[in-house]
Amino acid sequence: MKTIKMTRRGLLGTGSGALAATLFGKRVLAAAEFEFKLGVDTPETHPLTIRLVEAARDVAARSSGRVNITVFPNSQLGGDPEMLSQVRAGGIELMAAPSLTLSILVPLSGLPSIGFAFQSYDQVWAAMDGGVGDTVREAIARTGLVPLKKVWDNGFRQITSSSSRQLGSVDDLKGFKIRVPVTALLTSLFSGLGALPSSISYSELYSALQTHIVEGQENPLAQVSTGKLYEVQKYCALSNHCWSGYWIIGSRRAMASLPPDLLEIINTAFDTAAMKERADLVEMDRSLQAELTEKGMTFNKPDPVQFRAALVKAGFYTQWQKTYGADAWAALEKYTGKLT
């Protein structure tokens with residue numbers, strides 16, 4: 001299999017090219033025993049989508065065509081909450097579920113996204129490939145969904161704003177209308193910082209910014225770039241306010257229908273692709289700030305200490321420690337240090 005080098009230009013070049021032509025919405029092999037649909041909200045050019053397609057192609061090859069997984073990018077099968085419902089009902093077999101959206105159903109999925117908890121990727125991957133990942137995966141399984149082992153990267157999240165406001169301090173967030181995913185955690189975080197969060201699906205985000213329903217949003221730089229949010233946002237505060245990922249989850253009925261050898265093939269292919277996607281995002285982030293600057297965005301880097309202090313004062317950490325429970329909170333603090 002040819003290796004795809006994930007340079008920024010390579011990402012843009014392959015996303016809508018040969019890979020998309022062979023796998024986005026089309027069958028690879030005609031006589032598959034198992035036809036699975038996989039939904040994801042990211043565009044075709046995002047590293048997550050590209051590596052999902054690569055994993056699907058790997059599964060088809062390793063299974064000699066017995067399993068065909070068709071990747072549907074860019075929320076083609078519905079917004080994240082809708083796709084999550086479809087996976088639970090068995091309408092689609094697989095989904096790349098944003099960890100924050102998944103927290104609607106599995107509250108512990110939001111544990112790694114506690115505001116200003118992780119300071120580096122070293123901490124993130126130690127936690128997610130260790131005790132925190134185990135805790136979340138067990139919680140997902142208890143809902144009847146089947147999580148694959150490796151969590152995929154969505155990146156550290158940054159705050160963008162329109163031309164009317166540049167964000168550099170906690171005071172700048174007072175009364176700021178910001179879009180957040182449909183999740184209580186980020187609503188709580190930005191409320192604690194004095195902002196006015198509004199839960200809007202990612203598929204509706206661009207239009208919400210364009211029509212000024214909200215003034216800004218928060219997402220990793222990869223989402224800002226591939227979603228072309230720079231067209232409707234002027235400023236970006238490199239806040240690193242939380243990390244988020246994607247879990248590949250399957251319908252229990254669909255996954256239970258697979259014989260052990262095919263289940264192992266799927267797990268191996270997707271976990272291998274997950275490790276590549278993690279590296280892709282690091283590489284992509286290195287160049288994105290310069291590219292987005294060329295597209296008209298202005299960057300600044302606020303001091304995280306003041307935001308952390310504001311959240312402590314607002315009772316944010318105490319609230320979520322109670323929500324997640326002492327054991328889960330202790331598992332997180334093993335990697336982040338004391339938060340409360």
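This is a predicted model: local features need pLDDT of at least 70, side-chain atom pairs count only at pLDDT 80 or more; totals for chains, interfaces and linings use all residues.
Residues are numbered from 1 along each chain as its sequence is written, and side-chain values use heavy atoms, with hydrogens and water left out.

The axes of helix H14 (residues 316–324) and helix H15 (residues 326–336) cross at roughly 120° and come within 6 Å; H14 and H15 are therefore oblique to each other. In their contact (heavy atoms within 4.5 Å), Tyr 317, Trp 320, Gln 321 and Tyr 324 of H14 meet Ala 326, Ala 328 and Trp 329 of H15. Six of these contact residues are nonpolar, one is polar and none is charged.

## Aromatic pairs

The whole structure holds seven aromatic pairs, a pair being rings of Phe, Tyr and Trp (its six-membered ring) with centres within 6.5 Å; planes under 30 degrees apart count as stacked, over 60 as edge-to-face and the rest as tilted. The rings of Tyr 121 and Phe 156 are edge-to-face because their planes stand at 65°, with centres 5.2 Å apart. This pair links distant parts of the chain, as Tyr 121 in helix H6 and Phe 156 in strand E5 are 35 residues apart. Both Tyr 121 and Phe 156 are buried, that is, under 20% relative accessible area.

Tyr 121, Trp 125, Phe 156 and Trp 243 form one aromatic cluster.

Notes. Helices (H or I, at least four residues) and strands (E, at least two) are DSSP runs, numbered from the N terminus. Buried means under 20% relative accessible area, exposed over 50%, partly exposed in between (1.4 Å probe, protein chains only). Axes are lines fitted to C-alpha atoms, for helices over the stretch in contact, and angles run from 0 to 180 degrees between N-to-C directions. Angles under 35 degrees count as roughly parallel, over 145 as roughly antiparallel, 65 to 115 as roughly perpendicular and the rest as oblique. Ala, Val, Leu, Ile, Met, Phe, Trp, Tyr, Cys and Pro count as nonpolar, Asp, Glu, Lys and Arg as charged, and the others, Gly among them, as polar.
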